[in-house]
Amino acid sequence: MRIGVMGAGAVGCYYGALLARAGHAVTLIGRPALVTVVRQEGLRLQRADLDVQVAMQASQEPAALADAELVLFCVKSSDSEAAARALEDTLAPQAVVLSLQNGVDNPERIRAILPNPVVPAVVYVATEMAGPGHVLHHGRGELIAGPWEGCDAAQTQFAEAGIPLAIDAEVVQRQWQKLIINCAYNALSAVAQVNYGQLVQTEGVARLMQDVVDECLAVAAAQGLALTHPGMDAVLGLARGMAGQHSSTAQDLARGKPTEIEYINGHIVRLGERLGVATPANRALLVMVRVLENKAVH
Ligand SMILES: NC(=O)C1=CN([C@@H]2O[C@H](COP(=O)(O)OP(=O)(O)OC[C@H]3O[C@@H](n4cnc5c(N)ncnc54)[C@H](OP(=O)(O)O)[C@@H]3O)[C@@H](O)[C@H]2O)C=CC1
Ligand SMILES: CC(C)(CO)C(=O)C(=O)O
């Protein structure tokens, strides 16, 4: 398969490297430092069970994806429009765009710009860029995507590359389930600057997370999306499974990068306003992260 990666960061490089190792023609679209390293020495893929250099194409020019059959769309949510516009005059009309992003509205925002089939995917992985051209995997790697024409063949090819890909017609529900977890953890972890294990031990955190989850479910219901409550045991269970973890929002803030908070708690707050559902807990978390973002900028 000819595969393009739009946004060669932690997620794009991880999946791109696995697919390139399996023999697919992968082209990364990324920033200059990454492109230079990958062209010179390939991409370093480091995981508990392997540490390899993977040869693949890399470019700063989205035009390099002109013949891609599948595009892994892996920019942060705040960059979706700009990245989609950069691909507008390039992609073949039948190229399938797989949105490997957090949040629930990226596919819709990409579809507003690109005429291509745009498929939502939920990403369960923990990866980071440990340096230009060096992707470090910390755990998991499963994808859940909506169906598309040709998804059966892609599923087989992904499996051969070591990527578990489930196809689920109810992918929107799956996106919301992850959004709810992100709403409960990301901002709190960023504001408190402690890991999940410490976070949930503090009195009142579980109750606050419950309020956040209840608001998310009320907003989803007002939108006509019936979600089953994940159960607070499952929500708090994430902290037991990833006790040492800081949220991606906490990590973005620590690096002085914009966070995706507007697409996490911010999405719930805006939808709540539109649908007449009060979201005070989500709003407080959203505003606290905005304040920290502004503090980092000024
Ligand atoms: N990392 C993880 O473990 C997980 C991430 N996710 C989600 O996956 C998505 C991607 O996250 P992640 O990979 O961590 O993010 P990264 O910031 O590591 O990767 C995105 C990359 O795309 C680059 N980029 C943005 N716009 C363009 C453009 N127009 N042209 C070329 N390059 C561009 C960015 O450069 P620059 O920074 O210079 O703008 C950055 O290098 C997010 O929605 C995230 O929430 C989901 C689950 C786990
Ligand atoms: C699942 C979770 C909360 C893990 O850290 C995440 O997706 C994030 O940090 O953005």
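Biologist: Which of the 26 residues around ligand 1 come nearest?

Modeller: Keep in mind that this is a predicted model. The shell around ligand 1 divides into 13 nonpolar, 9 polar and 4 charged residues. Of the 26 residues in that shell, the nearest are Gly7, Gly9, Val11, Gln101 and Asn102.

Biologist: Which element gives the most to the shell around ligand 1?

Modeller: The elements that give two or more residues to this shell are helix H1 (10-21), helix H3 and strand S8 (118-131). With 5 residues, the one that gives the most is S8.

Biologist: How many charged residues does the shell around ligand 2 have?

Modeller: The residues around ligand 2 are Asn102, Ile181, Asn182, Tyr185, Asn186, Gln245, Ser247 and Ser248. By class, 2 of the shell residues are nonpolar and 6 are polar. The number of charged residues is therefore none, given that Asp, Glu, Lys and Arg are the ones counted as charged.

Biologist: Which helix gives the most to the shell around ligand 2?

Modeller: Ile181, Asn182, Tyr185 and Asn186 are among the residues around ligand 2. The helix spanning residues 171-192 gives 4 residues to the shell, the most of any element, and this is H6.

Biologist: What percentage of residues 171-293 is strand?

Modeller: An unreviewed UniProt entry places "domain: Ketopantoate reductase C-terminal" at residues 171-293. Over this range the end C-alpha atoms are 31 Å apart and the chain is 70% helix. The strand content is 0%.

Biologist: And what percentage of residues 3-149 is strand?

Modeller: For residues 3-149, UniProt lists "domain: Ketopantoate reductase N-terminal", again in an unreviewed entry. The end C-alpha atoms of this range are 16 Å apart, and helix makes up 24% of the chain there. Strand makes up 39%.

Biologist: In strand S6 (residues 70-73), which residues point the other way from Leu70 and Leu72?

Modeller: In a regular strand the side chains alternate between the two faces of the sheet. In S6, Leu70 and Leu72 point one way, and every residue of the strand is buried. Those that point the other way are Val71 and Phe73.

Biologist: Which residue stands opposite Phe73 in strand S7 (residues 96-100)?

Modeller: S6 has parallel pairing with strand S1 (residues 2-6), through 4 bridges, and there Val5 stands opposite Leu72. S6 also pairs with S7 in the parallel sense, over 4 bridges. In S7, the residue opposite Phe73 is Ser99.

Biologist: What is the handedness of the β-α-β unit that S6 and S7 make with helix H3 (residues 80-87)?

Modeller: The two strands pair in the parallel sense. The unit consists of S6, H3 and S7, and its handedness is right-handed.

Biologist: What is the radius of gyration of the protein?

Modeller: The secondary structure comes to 12 helices and 10 strands. The globule rule gives 19 Å for 298 residues, and the computed value is close to this, so the protein is as compact as a globular protein of that length. The radius of gyration is 19 Å.

How values were computed: Residues numbered from 1 in each chain as written. Chains lettered and ligands numbered in written order. Predicted model: local features only at pLDDT ≥ 70, side-chain atom pairs only at ≥ 80, totals over all residues. Near = placed C-beta within 6 Å. UniProt positions renumbered as here; feature names shortened; annotations may be inferred. Buried ≥ 20, exposed ≤ 12 C-beta atoms within 10 Å, placed from the backbone. Pairing = 2+ DSSP bridges. Right-handed = clockwise from strand over helix to strand, strands pointing away. Rg over C-alpha atoms; globule rule 2.2 N^0.38 Å.
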